[in-house]
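Trainee: I am new to this structure. Please show me how to read it.

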Amino acid sequence: EKVLTSEKEEIIDNNLKYTLFSWQKQAGIKPLVIDRAEGVYIWDKSGKRILDFSSQLVNVNIGHGHPAVADAVLKQMQEVSYVYPGMVTKARGELAKKLAAVAPGILTKTFFTLGGAEAIENAIKMARLVTGRHKIVTLYQSYHGATYGAMTAGGDPRKLPSDSQQMPNVVHVENPYFYRDPWHSATPEECGERAAEHFERVVGYEGPGNIAAVIMEGESGSSGCIKYPQGYLKKVKTICEKHGILFIADEVMSGFGRTGKWFGIQHHDVEPDMLCFAKGVTSGYLPLGGLMVTGEIARNFDDKPLPLGLTYSAHPVSCAAGSAVMDVYENEGLIENAARMGEYLESRVEELMQQHPSIGDFRNTGLLGCLELVKNRETKEPMAPWNANAAEMAIMNQVQAKLSELGMYTMVRWNFIFIAPPLTITEAQIDEGLEMISEALKIADAYCY
Ligand code: PLP
C-alpha cells in the first residue's frame with residue numbers, strides 16, 4: 001500500500017479508488033483537485049490559476065462563486081430543504097414564472113427535472129403521449145444526453161459502445177453543416193435549403209403520421225457548434241406544422257444567454273412546441289433541468305393524470321438557486337455582455353486564423369464557439385476524425401496538454417476546441433485565453449501540410 005504524504009494525494013486516491021469517471025478509460029486518470037473558483041477562474045490545490053474557457057461543461061454561465069446564489073441556497077435550505085413535488089414552495093413558482101417570461105413563443109408551463117438528459121426523456125415521453133405517434137427525428141451530429149433515450153436521440157459516436165441497447169424508433173437526418181456539406185452548396189443558405197429538403201424527404205419516407213416529434217438543439221453545441229444557416233430551422237418547423245409533428249428545442253447548452261439571447265432558437269424566429277433546458281438555469285450551482293410546454297400541450301392532461309414523476313422534480317433548493325441565477329442574468333446584463341464579447345471574440349479569432357493554418361473553421365454564436373482544426377485547409381482533413389480513437393487523438397491530446405500547462409481548461413473533443421467562457425468574461429480575459437490557444441496551436445500547425 002502506497003503511503004499518502006499529502007492531503008492532495010489522499011483526495012486523489014479516494015476519488016480514483018472509489019469513484020468512476022465519465023467518458024474515459026479508468027486507468028491512468030490524473031484529475032485536478034480544485035478547491036477554489038471565482039469568476040472565470042478556478043484554482044487547483046497547488047495554487048495554480050486556471051482560466052475556465054468553456055464554463056466547465058458550458059454550464060457555469062454566470063461564472064464561479066457568485067455570492068447571491070450561495071445566499072439564496074442557504075436561505076432555502078434553512079427554510080424548507082425538501083418537500084415532495086405535490087407540495088409547493090415559493091421558489092418553484094417564482095422560477096417557473098421567470099422562465100415563462102423569457103421563453104420563446106408561448107411556452108408557459110414547466111415540468112422540472114434534475115438535468116438535461118431527463119428533460120429530453122420526459123419530452124420524448126410527452127410527445128409520444130400527446131400525438132399517439134412513436135418516431136422521433138433528430139440530427140446525426142447532435143448530443144442530447146447520456147441516458148438511453150437521450151443518447152439514442154443524439155448522434156454522438158460515444159453512444160456506439162451501447163448500440164445494441166438503444167431506444168427504438170429514432171430516425172436521424174443530416175445536419176446543415178456548410179463546412180463539410182454533403183450537397184456541396186455554394187452558400188450556407190443553400191446548404192440549409194438542401195438540408196431542409198432532405199429532412200422533408202426523410203419525413204415522407206418514414207411516414208409523417210408515425211412521427212411524434214423532431215428534437216434539435218437551439219444552436220448546435222458539443223457536436224462542433226454546427227451553426228444552422230438562416231432559414232433552416234424555420235423550414236423544418238413549417239414541415240413539422242404541416243404534418244402535426246411537434247418541434248422540441250433542446251436548449252440545454254444553448255439556453256440562458258449562451259448565444260447572446262436568452263435561447264438559441266431566438267436567432268431563428270421559430271416558436272417551439274416544447275423546450276428542454278438545464279445547465280445555465282442554475283449555472284451549475286445545483287442540479288436542475290426542465291421541460292417547458294405550451295398551454296395547449298399541457299391541457300392534454302387537464303382531465304387525465306400526467307404520467308411523469310421524479311422524487312426531486314422541482315427540488316426547492318435547486319429552484320431557489322435557479323431563481324437567483326435568473327436575477328443575476330438580468331441584473332448584471334450578462335446576456336448583452338455575451339453578445340458583445342462574442343463579436344469581440346470573432347474579430348480576434350479572425351486574426352488568429354491568419355497565423356494558424358490548423359484552424360479550418362471557426363463557428364460561433366454569442367459565446368458558444370468552436371475552432372475546427374484541420375491538417376490542410378484545401379482537403380479539410382481533420383486533425384482528428386469524428387469518433388477518433390486514442391491513437392488518432394494524439395495531436396489533439398498534445399494541444400490540450402499544452403493548454404493545461406499554460407493554465408487553461410476548455411472542452412476539447414475530436415478536432416474541436418471549444419470557446420464558451422462564462423458570460424461575465426471581459427475583453428482582456430478573452431485576449432488572455434486566445435494567447436494560450438495561439439501558443440498551443442503551434443503544435444497543431446506543425447502537422448499541417
Ligand atoms: N442536451 C444538450 C444539447 C447538451 O449539451 C447536454 C449536455 O451536454 C444534454 C442535453 C444533457 O444534459 P445533462 O448532461 O444535464 O444530462
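Mentor: Start with strands. Helices (H or I, at least four residues) and strands (E, at least two) are DSSP runs, numbered from the N terminus. Two strands pair if DSSP finds at least two bridges between them. Here, strand E8 (residues 246-250) and E9 run parallel, joined by 3 bridges. This is a predicted model: local features need pLDDT of at least 70, side-chain atom pairs count only at pLDDT 80 or more, and totals for chains, interfaces and linings use all residues. Residues are numbered from 1 along each chain as its sequence is written.

Trainee: Which residue is the bridge partner of Asp250 in E9?

Mentor: Cys276. E9 is also joined to strand E10 (residues 289-294), by 4 bridges, and these two run antiparallel. There, Gly290 in E10 stands opposite Phe277.

Trainee: Are the faces of strand E9 buried or exposed?

Mentor: In a regular strand, side chains alternate between the two faces of the sheet. A residue is buried if 20 or more other C-beta atoms, placed from the backbone, lie within 10 Å of its own; it is exposed at 12 or fewer, and partly exposed in between. In E9 (residues 274-277), Met274 and Cys276 are buried on one side, Leu275 and Phe277 on the other.

Trainee: How many residues surround the ligand?

Mentor: A residue counts if its C-beta atom, placed from the backbone, lies within 6 Å of the molecule. The ligand has 16 around it; the closest are Gly115, Gly116, Ala117, Gly145 and Val252. Helix H5 (residues 116-131) gives the most to this shell, 3 residues.

Trainee: What does the model score?

Mentor: ipTM is 0.99 and pTM 0.98.
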